[in-house]
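My entries follow in the order in which I took them.

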Amino acid sequence: MHDDRRIIEARIDRFIRERLQRAVYRRSIPLTVERWDAPGEPVAAAEALRQAFVPVAEGAPWGPPWSTTWLRLTAQVPPGWGGPGTDLEAVVDLGFTTELPGFQCEGLVWRADGTTVKALNPRNHYVPLAALGGGGRDVEFYVEAAANPDIAQGWTFQPTPLGDLATAGAEPLYRLGRMVLAERDTTAWELLQDASALNSLMHELPDDRPRRHQILRALERMADAVDPFDVARTASAGRDALAAVLEQPATASAHRIVGTGHAHIDAAWLWPVRETQRKCARTFSNVVALMDEDPDLVFACSQAQELAWIRDGYPQLFERIKEKVAEGRFVLVGGMWVESDTNMPGGESLVRQFLEGKRFLLEEFGAECEETWLPDTFGYSAALPQIARSAGNRWFLTQKISWNQVNRFPHHTFLWEGIDGTRVFTHFPPADTYNSDLRASDLAHAERNFREHGRATMSLLPFGYGDGGGGPTREMMAAARRWEDLEGSPRFEVASPRRFFTEAEADYPSPPVWVGEMYLEKHRGTYTAQARTKRGNRRSEHLLREAELWCATASVREGAPYPSYELQRLWRLTLLQQFHDILPGSAIAWVHRDAERNYAAIERGLEELIASAAESLVGAGDREILLNAAPRARAGVPALAAGAVVRPERPATLAGSGGGWVLENGAVRAQVDGEGFLVGLVDAASGRDAIAQGTRSNLFELHRDTPNEWDAWDLDEFYRNSVEAITGADAVRPGDGAEGEAVLVVERSFGASRVRQRLVLAPGATSLRIETEVDWHERQKLLKLGFGLDLRAEHSSSETQFGHVRRPVAANTSWDAARFEICAHRWIHVGEPGYGVALANDATYGHDVTHTVRGDGGTTTIVRLSLLKSPLYPDPAADSGLHRFTVVLAPGAGIAEALREGYEVNLPERTVRGARDVEALVSVSESSLVVEAVKLAADGSGDVVVRLYESLGTRSEAEVAAGFECAGIDAVDLLERPLAPGVHSPIAGATGGAVQLRVRPFELVTLRFRRP
């Protein structure tokens, strides 16, 4: 009997594959095909449709990498076609090379009037004639065929030149496949869906389940009832044979799954942004076309940027989307401008992701979503719950944490608590995919894997082809109907994420709590890969801070026009680069070259705005005036103000000592040996040497970087098994610096690369600045810069958005051990009771912190910054060339000093010539409260918006006062609206143009100063 069952199963598999699938189309005739090859970049449809098309035959080569070919397809419907039980469709094969949509050639179907119909990909290559309009016997449509190369290559991670237009070559990648006008047998198609669903379910059921045997025998009866040589005539009999098993309902205890149509479209990855815009058009065309066919489809769209592209480039499609949004079927989720990385963007950047995303959705659709939707982002900052809730979002969804290498995340539905104590209801779909095609294995896995059985009864499953786009298909919707209430399977319902979250909260009123970051135990290399992209992000964030501050100040003080449109444009361009495959450095070369050009344009635009605002503020004159955009006083100038610079009188000195060098300024004494290593760093306040005896700090270490899988993404722990200390110095000599600075230059070479450093001690500085220039030409290597500190730190404290996170240094647990590479923003701090050291940086995110025990029994805490990573995939030339990094080492520093150093190294002194000082628009009485942004309100009212946060992790009280006439001060949400009823307000009182705040640790506060 055992062997008999296996024989029947093999028979069924082949019968479905070779008989039912091939019987879907009864008859077909060839389409007449003509082509026009677009020169260079894609052109608008209106231009393409005017071109002269030439005949082309099946099998013709087309499509050099990243090129576009337009096809004109025509036919006449034969007499007698289109009778009962049939649909007329064109079936178009562009020469698809794999079954994976979104990672190879794709097409968008256009009508002759220049409107979109739907897309073509390997799993969705039909065009209903009814959708083309007309209703006559003549058929005509166009296909915009994109020759996107298959850079995924079956996920073999092999280097390829195809990711850069300059190296991709000009040979055609594809050959045109079969293109026909066909008559679809709707009964045969439904039989195929019945049989496919039951067959896949049967294979998920245990051998000892009677249900498995019931399905097998029903499928056997179906195969007997259907004539393989005349499926059209006997398909109904086949459906009858399956009807009884399809009607058996699920058990009362069956898990419940809510499915939402989805298409996770990476804003850039193995394709450039310009191609993403077309992927969005293709996918969203598919979605609205399928909605016209199937009233049950609900689709979740998560990125405002992608809808903005459709609005600007495909207005007719945008109007169709708006209609579906109004129907409640094309649902808006996420509320962010893009699905950004959350580890590396600064606090104000994550605020603007929500501000720009949610304002766009409100303005264009009149809709506000409440779900934060980040299925694929590479780990989740502990600051995110507060930011999301402050933006009006109630719920959070992720999928990526299922990729953990070591530890299985303990929950699927839970409350996530952030650094300030804010909680957000969170779901982690147990199906472990956001690209489900609704096969039975996905549903079965969700039910088996669900961690909350016995306490909760439901989970969410996003379905539809994604990453490269595509979305749901009619086959998926057919499967959804069959899974609704079927024995052996979870119950299934297509509905919106809002429906799921609302019911899930009621279903699970007391879920467990996860506190702190959701660290992804994979993709740790994304803190380092593509260093130019990361520097561009950091520089753009701080230039945006400066530009908004000075433009707002010029508007209030001098009546200068506030450049709201230009600031919004530059913010949105910055936010786009924070997408989770751009800022992390995991995209093709084309994407990162675009990012570098975008960052250069952002810098030019913001420098112009700053210069214009400064000219308006300080007037014409010869005084040297410092524009201090930092949140603390600097060089004698108050925070957020402008005034004359006050320099320390005593210069720093550089002197030879014992074969090495000493840099000293009265506050700090740095000792450097003859090879350029830092061997001593004493702050006068404590008299303690921060550098551990016998160690060489400012040490470059080179590691082999050959991860098991995702080259640019991953940093596997075994990288530590291979290390080369860069010890030799080509030169150690005095250098030139600004007035009063002591400068020591160190030059080294290794492999094909060179390093030049400037160790700088400024007059009055309490920290040593190390400026590093690397001409980098290594491959599959990781470069770290390390410091051995004479202290025993149990935790490291790393800056994150609006605060910092503490992580254990010791690897006592598997969770600690897996966190061997960590992310920090502008600074990282290590210390022991009464003493600490801060390291600040201007462009670096990846760090590691470890302990060693010396021979004398003392503990050395080693802090290293990850500077450069040179993977071969997906960009084989990643990071080659010149890079600059600045690190500031502050001995005897606490968290407050770390914070100050972090702001100052990222906001270099900006001086202008002028006639007058500028008073700050706002002042804060308590130093633990830090002003992160000063801007004018997004609604154009002229009100001033100030964002600040508690920075030390303590409860604080402070007065915040306006330096200008205002009619009142209100606490508002991140969209600059009054706080919702019941939401905690930090305002404890108000007097005139000031408010008294009472804030909790790391609380984020947004104040709106109403202008009279």
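**Entry 1: the second largest cavity**

I sorted the lining of the second largest cavity by class and found 3 nonpolar, 4 polar and 3 charged residues. Here Ala, Val, Leu, Ile, Met, Phe, Trp, Tyr, Cys and Pro count as nonpolar, Asp, Glu, Lys and Arg as charged, and the others, Gly among them, as polar. I note that the model is predicted: local features need pLDDT of at least 70 and side-chain atom pairs pLDDT 80 or more, while totals for chains, interfaces and linings use all residues. Residues are numbered from 1 along each chain as its sequence is written, and side-chain values use heavy atoms, with hydrogens and water left out.

I listed the lining as Asn343, Ser381, Ala382, Glu517, Glu799, Thr800, Val805, Arg807, Cys823 and His825. Two or more of these residues come from each of β36 and β37 (803-808). The volume of this cavity is about 80 Å³. On a 1 Å grid over the protein atoms alone, a cavity is a set of points where a 1.4 Å probe fits but cannot get out; a pocket is an open set with protein on both sides within 12 Å along at least five of seven lines; lining residues have an atom within 4 Å of a point. Grid points are joined across faces, edges and corners, and a volume is the space filled by probe spheres set on the points. Helices (H or I, at least four residues) and strands (E, at least two) are DSSP runs, numbered from the N terminus.

**Entry 2: the largest cavity**

I counted 9 cavities of 30 Å³ or more in the structure. The largest has a volume of about 240 Å³. Of its 24 lining residues, Gly346, Glu348, Glu541, Arg826 and Glu932 lie nearest the centre. The largest share of this lining, 6 residues, comes from α15. By class I found 9 nonpolar, 7 polar and 8 charged residues.

**Entry 3: α10 against α16**

I looked up the packing of α10 (residues 347-365) on α16 (residues 564-577): the angle is about 110° and the axes are 10 Å apart. Axes are lines fitted to C-alpha atoms, for helices over the stretch in contact, and angles run from 0 to 180 degrees between N-to-C directions. The two helices are therefore roughly perpendicular (65 to 115 degrees). On the α10 side, the contact (heavy atoms within 4.5 Å) includes Glu348, Arg352 and Phe360, and on the α16 side it includes Trp571 and Leu575. Glu348 is also among the residues nearest the centre of the largest cavity.

**Entry 4: α15 against α17**

I found the axes of α15 and α17 (residues 589-618) within 8 Å, crossing at roughly 25°. They are therefore roughly parallel to each other (under 35 degrees).

**Entry 5: the pockets**

I recorded a volume of about 1600 Å³ for the largest pocket. It is lined by 44 residues, with Gln21, Glu99, Arg123, Leu192 and Glu475 nearest its centre. The largest share, 9 residues, comes from α4. This lining has 19 nonpolar, 11 polar and 14 charged residues.

The second largest pocket holds about 1200 Å³ of space. Arg634, Glu741, Ala762, Arg769 and Glu909 are the closest to its centre among 36 lining residues. α19 gives the most to this lining, with 5 residues.

Conventions: Angles under 35 degrees count as roughly parallel, over 145 as roughly antiparallel, 65 to 115 as roughly perpendicular and the rest as oblique.
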